[in-house]
Amino acid sequence: MQHHPQRSLLFVPGTHTHRITKALDSGADTVIVDLEDAVAPADKATAREALAHFLATSPAVSLIVRVNAATHDDTDHFQRDLALCTDYPAVMGIMLPKAESAEQVALAARSGKPVWPLIETARGITALAEIAAAPGVARLVLGALDMTTELNMEPGSAGAESVLDHCRHQLLLHSRAQALPPPIESVVPEIQDLSAVSQTAQKAMEMGFAGMLCIHPRQVAAIHAAFTPDDAALEWAQRVVALAAKQGGAFQLDGKMIDAPVIARAETLIARAAAGR
């Protein structure tokens with residue numbers, strides 16, 4: 001799973017399993033079936049039944065399931081969601097919302113599936129060191145909308161973005177410190193305004209994130225454009241690698257010094273381009 005590109009991760013409500021096949025055909029790198037926020041409390045049992053039926057009749061698919069949180073209020077739903085995920089090989093990972101401790105990760109990991117902790121609370125940020133180090137973690141994911149609400153921030157404001165950038169920095173650093181793949185950016189709620197999606201995805205890519213959550217197939221192409229190296233970047237990377245193979249050590253290219261870190265960057269760009277095309 002780590003070699004599969006994770007530029008775009010598209011949510012599908014658990015109450016609309018008829019959309020899963022369309023989502024899988026949308027071009028998104030990964031589909032996440034949501035049993036948490038997208039499903040009303042009264043509909044959660046029905047959503048689980050619908051997802052179980054879909055998985056039983058579509059054994060060749062591969063998707064992630066966002067289960068309910070491992071909190072006091074959601075414990076029963078959490079356990080039932082885990083039981084469902086454990087039973088089906090098509091579930092390649094579990095997204096754990098409101099992740100706040102290594103103990104919660106351990107509970108989710110009992111399913112035998114890789115865990116994607118969704119960091120969307122102050123407790124989650126302050127516990128990032130133990131969460132990132134917990135066995136079974138696949139990638140860290142930012143939940144900016146819940147974080148904005150919990151911290152009483154004004155959505156979309158410069159002040160909120162400043163705090164969220166601090167959170168992004170923490171996800172990046174703890175991911176790297178634990179040799180995890182780069183983290184995943186939060187959703188952008190705008191469906192019609194693709195410029196907002198593009199700007200968020202571009203910034204996340206520049207910061208070192210690997211991909212971004214999305215809520216509509218229309219957002220996928222804009223996200224891919226940001227996270228896939230363009231032709232100019234790829235051509236530069238290929239020139240760097242080719243010259244490094246001939247010359248070795250440090251050398252100049254286009255008036256700039258090229259040494260080991262720059263060569264490694266070029267190799268990463270080539271790998272990203274290959275995975276995303």
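This is a predicted model: local features need pLDDT of at least 70, side-chain atom pairs count only at pLDDT 80 or more; totals for chains, interfaces and linings use all residues.
Local features need pLDDT of at least 70 and side-chain atom pairs count only at pLDDT 80 or more, while totals for chains, interfaces and linings use all residues. Residues are numbered from 1 along each chain as its sequence is written, and side-chain values use heavy atoms, with hydrogens and water left out.

View 1. Helices are DSSP runs (H or I, at least four residues) numbered from the N terminus. Isoleucine 125 counts as buried because its relative accessibility is 14%; buried means under 20% relative accessible area (1.4 Å probe, protein chains only). Leaving aside residues up to four places away in sequence, isoleucine 125 touches Ile119, Met147, Cys167 and Leu171, where contact means heavy atoms within 4.5 Å. Its C-alpha atom is separated by 15 Å from that of glutamate 161, 36 residues apart along the chain.

**View 2. Arginine 48 in helix H2 (residues 44-57).** With 10% relative accessibility, arginine 48 also counts as buried. Leu35, His77, Arg80, Asp81 and Leu84 are touched by arginine 48, not counting residues up to four places away in sequence.

**View 3. Crossing of helix H9 (residues 194-207) and helix H10 (residues 220-227).** The two axes, lines fitted to C-alpha atoms over the stretch in contact, come within 8 Å and cross at roughly 30 degrees. H9 is therefore roughly parallel to H10, a term for angles under 35 degrees between N-to-C directions, on a scale from 0 to 180 degrees. The contact is made by residues including Leu194, Val197 and Met205 of H9 and Ile223 and Phe227 of H10.

Conventions
Buried means under 20% relative accessible area, exposed over 50%, partly exposed in between (1.4 Å probe, protein chains only). Helices (H or I, at least four residues) and strands (E, at least two) are DSSP runs, numbered from the N terminus. Angles under 35 degrees count as roughly parallel, over 145 as roughly antiparallel, 65 to 115 as roughly perpendicular and the rest as oblique.
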